[in-house]
Amino acid sequence: MLDLTQYASPLVAAILILSLSLLIPRLRKRHLPYPPGPSRLPIIGNLLDMPSDQAWLTYQKWSDDFGSDIIHVDVMGSHMIVLNSAKGTGELLDKRSSIYSDRPRMTALDLVGFTEFHHGVYPYGDRWRRMRHVFLSNFHPTTFRSSETRAAGRLLRNLLFTPENFAEHLKHMTGQVVLSIAYGIDARSEHDPYLIAAEKMADAVDLGSTLEARLLDMIPWLIYLPSWFPGLSTKRKARKIRSSILNTLETPYAVVKAAVASGTAGTSVAAKMISQLDVNSTQEEIWNSKAIPGLLHLVGADTTVSALHTFILAMTLYSEVQRKGQAEIDSVTGGSRIPDFSDQEALPYVSAILKELLRWHPVGPLGVPHRVMQDDVYEGYFIPAGSIIIPNVWAILRDPVAFPEPDRFYPERWLSPDAPTFPDHVWGYGRRVCQGRSMAQDVIWVGITSILATFNITAVEGKPPKGAYTSDMISSPEPFVTHITPRSDAAADLIHLTAKTT
Ligand code: HEM
């Protein structure tokens with residue numbers, strides 16, 4: 001009979017050595033300090049320090065106050081790390097992305113149903129990886145350029161008739177683009193029910209941006225308190241939004257499904273994905289064919305509209321930039337047509353305006369949070385597993401060393417030979433980088449070139465915009481007034497002509 005005792009001591013010794021080799025580095029790490037941050041109170045930690053408005057400014061101030069580009073905050077035992085420099089995001093979120101690509105639980109977004117269809121909030125793992133792959137293989141940005149050009153033509157016509165409603169018109173344009181790409185639906189009217197339904201998504205994202213929502217993410221057990229509990233209005237509000245969002249996923253999908261069955265479907269992401277289904281398709285594949293067009297429809301517009309809104313604000317405040325952009329376009333088109341995508345290379349200053357508006361006020365000043373899956377050490381500081389990692393994109397893109405006079409809207413900075421090629425931080429980091437960036441860039445480009453070619457934007461006498469922004473996850477200019485008038489009679493004729501063909 002085999003005598004197991006003879007193996008016992010070497011086995012115990014091996015287990016002991018293995019355990020110690022795993023434990024000692026962990027204990028060593030745990031003896032390192034957390035990154036600097038505001039001092040903590042017992043039990044509640046930094047709960048009372050958490051900023052409710054423009055959090056990126058507070059995080060930047062902490063970074064200056066503590067002389068550290070990496071900041072640590074603890075809310076009732078949950079750790080949050082804010083990265084205020086390109087060096088920190090590059091080292092952790094890009095280079096160490098194998099352990100920094102998880103998402104923290106985003107409670108408010110989960111409550112509204114986001115986690116059902118948006119892989120941007122899925123935890124790191126196989127399901128997320130598969131969905132990212134499916135998204136990529138069904139979404140080819142350059143094939144959508146005709147939808148984008150058509151929507152820009154209609155934007156110009158709307159600006160000509162009711163320029164004071166520019167914010168609504170920008171929303172209409174981006175909504176039209178995503179509806180057409182996702183489902184092949186042509187939403188000509190601003191009152192189109194599909195466009196209105198998609199606007200509910202903005203409410204959902206706003207809900208996920210409040211201080212209350214951030215605290216729910218850091219103290220998950222709060223969710224089990226009843227929704228009438230003071231400070232828990234998020235739960236109540238989310239319930240209302242959720243059913244309308246889930247309905248919005250179903251209705252256009254059913255229309256396209258019927259069209260595919262009858263052989264009348266046009267080109268769209270939904271039609272393509274539905275046509276690929278057969279009797280062997282898994283439940284996940286069937287669900288993906290609904291979730292991916294839904295993602296495009298519900299979240300594709302909000303981000304780009306914020307950038308276009310910033311463009312109108314910047315042109316109101318910086319008329320010399322506007323004039324230079326117009327002069328460059330005229331030199332290419334002779335003023336006789338609106339530029340199209342084939343003119344991109346010939347319009348470097350307009351491209352620089354696009355880069356500068358994404359830098360000057362990034363659409364997501366705090367990006368999208370990541371979660372680190374293992375204990376880690378950075379610059380001698382301990383970062384515990386499970387910490388929420390916030391990239392302070394706003395602070396990084398206002399770094400005065402990388403971007404001298406950072407508050408100034410100055411596209412020329414992107415034309416110097418040693419300038420970076422793009423303010424890449426706006427698209428996020430590592431394995432989670434934005435999958436819609438080419439399309440977003442195209443929509444913004446066609447929007448700004450079309451407007452520059454045909455309109456002048458000037459401040460209203462005595463009412464210059466303050467340049468204030470909302471504190472939401474997708475941050476947009478607070479409402480402001482501006483004059484938008486055709487550059488000339490010829491420009492107005494061009495708009496009419498374009499409107500006829502779109
Ligand atoms: C100006 C417009 C946009 C900006 C600034 C933007 C920015 C971002 C950022 C910061 C992230 C998170 C990256 C990270 O976790 O580090 C992200 C993720 C994502 N974006 Fe965008 N985005 C824009 C437009 C779009 C559009 C139009 C689409 C769809 C066509 C899109 C699809 C996605 C997807 C699918 C993800 C999830 C990636 C993942 O978690 O794996 N984005 N975007």
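Which residue in E6 does valine 82 stand opposite? In this predicted model, where local features need pLDDT of at least 70, side-chain atom pairs count only at pLDDT 80 or more, and totals for chains, interfaces and linings use all residues, it's isoleucine 390. Residues are numbered from 1 along each chain as its sequence is written, and side-chain values use heavy atoms, with hydrogens and water left out.

That pair sits where strand E2 (residues 78-83) runs parallel to strand E6 (residues 388-391), with four bridges joining the two. Helices (H or I, at least four residues) and strands (E, at least two) are DSSP runs, numbered from the N terminus. The open sheet has four strands, ordered E1-E2-E6-E3, and its pairing is mixed; two strands count as paired if DSSP finds at least two bridges between them. At the edges are strand E1 (70-75) and strand E3 (370-371), each of which pairs on one side only. Helix H11 (residues 211-218) packs on this sheet and touches E1, E2 and E6, its direction making about 120 degrees with that of E2. Axes here are lines fitted to C-alpha atoms, for helices over the stretch in contact (heavy atoms within 4.5 Å), and angles run from 0 to 180 degrees between N-to-C directions.

The largest nonpolar core has 99 residues, and Phe311 and Ile353 have the most contacts inside it. Such a core is a set of buried Ala, Val, Leu, Ile, Met, Phe, Trp, Tyr and Cys residues joined through side-chain atoms within 4.5 Å; buried means under 20% relative accessible area, exposed over 50%, and partly exposed in between (1.4 Å probe, protein chains only). Helix H14 (residues 283-317) gives the most to this core, with 15 residues. Neighbours within four places in sequence aside, isoleucine 353 is in contact with residues including Phe311, Met315, Phe409 and Leu452. Another core, of 21 residues, lies apart from it and has Met50 and Leu232 among its members.

Helix H8 (residues 145-161) has 17 residues and reaches 25 Å from first C-alpha to last, close to the 24 Å expected at 1.5 Å a residue; the expected span is 1.5 Å times one less than the number of residues. Among its buried residues are Glu148, Arg154 and Leu156, and the cover over the buried set includes helix H9 (166-183) and helix H19 (489-501).

Threonine 107, in helix H5 (residues 107-111), is buried at 1% relative accessible area. Cysteine 434, in the loop between helix H17 (393-397) and helix H18 (437-454), is partly exposed at 29%.
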